[in-house]
Amino acid sequence: MKSLWRDSDAAPYINDPLLARVYSSRLLGKAPNLVLHGGGNTSVKSSIINIFAEEEEILYVKGSGWDLATIEAPGFAPVRLDTLKRLASLDDLSDAQMVSEQRAAMIDPAAPTPSVEAILHALIFYKYVDHTHADAVVTLTNIKDGERVIRNLYGDRILVIPYVMPGFILAKKIHELTIDVNWENIDGMVLLHHGVFSFANDAKTSYENMIEIVTKAEDYIEKNRHKSVSSSNTLPTITAINALMLAEIRKLVSDMAGKAMLAALDNSASNLEFVNQKNVAEISCRGPLTPDHVIRTKRIPVILDDNVKQAIQNYGDEYKNYFSQFAQQHHQCLDTAPRWATWPHNGTISFGASISDTNIVADIVNHTINSIQNAEQLGGWQALPAKDIFDIEYWELEQAKLRKSKNTNSFQGQVALVTGAASGIGKACVEKLQALGAAVIALDISESITTMFNQGHLQKTDILGLVCDVTSDVEINNAIEQGIAAYGGLDFVVSNAGTFPHSSTIADMSSDLWNNSINTNLTSHQKLLSATIPYLELGINPSVLMVGSKNVPAPGPGASAYSVAKAGLTQLARVAALELANKKIRVNIIHPNAVFDTAIWTNEILEKRAAHYDLSVQEYKSNNLLKVEVSSADVADLVCTILGPSFSKTTGAQVAIDGGNERVI
Ligand code: ZN
């Protein structure tokens with residue numbers, strides 16, 4: 001592990017204790033093998049002159065809700081040091097009392113709630129305190145004989161602390177263990193099954209102590225583990241994505257969780273190596289890397305086999321047993337669904353109500369399986385007993401973190417597929433569906449689809465833009481497979497792709513013009529529907545929306561190739577509504593008209609058309625009974641309403657969105 005400290009970068013901050021604290025906290029936060037997703041915390045002790053012109057010692061400690069990677073000065077809660085130290089001398093303090101006393105001791109009531117480790121930070125003699133859950137150190141404490149390995153590796157300058165619950169109990173323990181300690185003689189503490197502390201009187205030394213402690217553990221692992229698992233102990237890998245079974249798994253997990261869940265597949269080489277080990281069930285069910293992961297991942301994964309239904313059912317039953325074994329009266333059982341899975345031949349799966357949740361789970365899983373692999377080669381993976389994990393999973397302070405992130409968007413956990421998604425109505429539908437919490441597979445023939453929805457991130461985002469020619473079965477199937485691998489299933493299809501061929505009378509019709517329109521505006525929708533039905537059958541409140549046209553009820557001369565295709569599409573949707581009703585898949589149609597904020601309608605064309613009817617552009621745009629303009633966003637609102645619960649008892653319906661048209665009415 002390399003130190004990221006640069007004297008030149010730190011120079012502007014180094015004379016301000018809090019700014020120096022921000023600088024080195026961010027260095028820790030940048031390293032995922034030190035801290036993951038809000039894990040770890042840091043502090044600095046400093047003094048202020050209060051309103052009575054007295055000097056007061058203050059502990060600036062990471063506030064909850066802030067991430068070390070991006071923390072700023074206001075992310076540190078300023079708490080009176082003296083109060084924190086006095087709290088440590090109490091015999092007993094409930095977590096709720098501790099949080100309340102810590103908040104009451106802040107000099108700024110608007111600051112974030114101090115970390116649950118604030119008292120512990122206060123007890124440490126040094127000015128700067130850094131705390132991480134470094135993979136390498138925690139891995140060593142999670143092997144058989146880990147404590148002895150740690151003591152031998154670090155010698156006397158590192159204090160070793162046996163596992164106790166974080167919060168007041170841990171602070172109390174450290175208080176007792178350090179009463180007679182000469183702080184000058186120690187550089188850090190290793191907390192078994194939890195993490196590591198480093199400290200010093202300046203930010204740089206404290207940070208670099210952390211790097212040194214972690215590097216020692218990494219070197220030890222590198223030197224002592226054997227190379228990769230021998231192939232005789234592993235199963236072969238299947239290269240094709242088993243999308244249909246993944247959708248079934250996601251459906252079973254969602255049903256068990258009582259809400260729609262995404263299921264993200266990771267079939268990278270290292271994850272496949274892990275799930276294909278013949279002893280995968282045994283090694284992955286001993287427990288998590290650190291107890292605080294449990295609120296994201298549950299204690300253990302579901303171990304899938306050929307009978308996924310039975311495996312998930314068993315997981316739920318075992319979770320209920322675990323709950324009743326350890327629960328006290330005031331505990332309420334959480335949903336019994338797993339948050340990750342090992343799936344032989346296929347990879348690992350992360351479950352979550354949103355893509356940010358599945359990303360967090362996936363990160364934790366990747367760090368965990370790497371640690372398990374290492375630990376297995378160093379004497380054997382040995383996590384904390386289930387009781388200790390339960391205490392964290394049902395700890396009020398951890399549950400409060402989850403409640404804070406609860407999202408109540410109506411399409412949370414659901415997956416939509418939109419075609420023709422790079423412009424106009426399609427693009428507006430993607431944006432609206434995303435705003436309502438859905439993950440969206442956005443297909444378009446234009447290359448721009450892969451970058452237009454801000455997809456420059458390394459991590460998966462809630463819109464997957466894929467280039468797809470919807471007239472090709474092969475391309476449709478590939479796109480669906482990729483979409484299912486990313487999100488686990490499919491609930492909504494917005495079949496929108498289309499072209500508007502130039503005007504031609506039947507007498508002048510070229511067969512190319514006719515065939516192209518029928519192919520794109522009709523046959524491609526049939527192909528998409530046929531390909532998606534097996535997934536919709538496994539969907540959650542599944543619903544299909546076909547984008548028709550005013551031309552269906554009110555055709556115009558010169559547009560037969562378009563009108564016939566859209567009329568055929570309408571009939572296709574009506575038959576689909578009949579065929580799919582017994583599977584609870586709804587199919588509805590909208591007929592938009594005169595939606596001008598799309599790529600084909602330039603100002604120039606608009607002016608020409610308006611002039612043709614002797615109207616101003618504004619009059620032309622709102623040339624309907626209600627005299628209103630219909631925008632792509634208006635259409636997207638209607639699409640989402642029809643897909644959603646308001647239309648849960650409607651199928652086979654046709655809804656116009658045209659500002660009112662006397663020919664249609
Ligand atoms: Zn910790």
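**Strands, zinc and cysteines in a predicted model**

Student: In which sense do S8 and strand S11 (residues 347–352) pair?
Tutor: Strands here are DSSP runs of E with at least two residues, helices are runs of H or I with at least four, and both are numbered from the N terminus. Two strands pair if DSSP finds at least two bridges between them. S8 and S11 have five bridges. Their sense is antiparallel.

Student: What kind of model is this?
Tutor: Residues are numbered from 1 along each chain as its sequence is written, and side-chain values use heavy atoms, with hydrogens and water left out. Local features need pLDDT of at least 70, side-chain atom pairs count only at pLDDT 80 or more, and totals for chains, interfaces and linings use all residues, since the model is predicted.

Student: Which residue in S11 is the bridge partner of Leu262?
Tutor: Leu262 falls in strand S8 (262–266). In S11, its bridge partner is Gly352.

Student: Which strands stand at the edges of the four-strand sheet?
Tutor: The sheet is open, with mixed pairing and the order S8-S11-S10-S9. Each edge strand has a single partner strand, so one side of it lacks a neighbour in the sheet. The edges are S8 and S9.

Student: At what angle does helix H15 (residues 355–376) run to S11?
Tutor: Axes are lines fitted to C-alpha atoms, for helices over the stretch in contact, and angles run from 0 to 180 degrees between N-to-C directions. H15 lies across S8, strand S10 (340–343) and S11. To S11, the angle is about 140°.

Student: Which residues are the protein donors of the zinc ion?
Tutor: Donors are N, O and S atoms within 2.8 Å of the metal (3.2 Å for Na, K and Ca); water is not among the atoms, so sites may look incomplete. The zinc donors lie 2.1 to 2.2 Å from the ion, through NE2 atoms. Their spacing in sequence is H-x1-H-x60-H. They are His131, His133 and His194.

Student: How many residues apart are His133 and His194?
Tutor: His133 is in the loop between strand S4 (128–132) and helix H6 (135–141). His194 is in the loop between strand S6 (188–191) and strand S7 (195–200). The pair links distant parts of the chain, 61 residues apart.

Student: Is Lys298 buried or exposed?
Tutor: Lys298 has a positive phi of about 60° although it is not a glycine. It sits in the loop between helix H13 (294–297) and strand S9 (302–303). Buried means under 20% relative accessible area, exposed over 50%, partly exposed in between (1.4 Å probe, protein chains only). At 4% relative accessibility, Lys298 is buried.

Student: And Lys627, buried or exposed?
Tutor: Lys627 also has a positive phi, about 55°, and is not a glycine. Its loop runs between helix H23 (617–621) and helix H24 (632–643). With a relative accessible area of 56%, Lys627 is exposed.

Student: How many disulfides are there?
Tutor: A disulfide is a pair of cysteine sulfur atoms within 2.5 Å. The sulfur of Cys429 is 6.1 Å from the closest cysteine sulfur, in Cys640, so that pair is too far for a bond. Cys429 is buried at 0%, and Cys640 is buried at 5%. The disulfide count is zero.

Student: Which residues does Ser517 touch, not counting those up to four places away in sequence?
Tutor: Ser517 is in helix H20 (residues 511–536), and is buried at 1%. Contact means heavy atoms within 4.5 Å. Ser517 touches Pro501, Leu522, Ala561, Tyr562 and Ala565.
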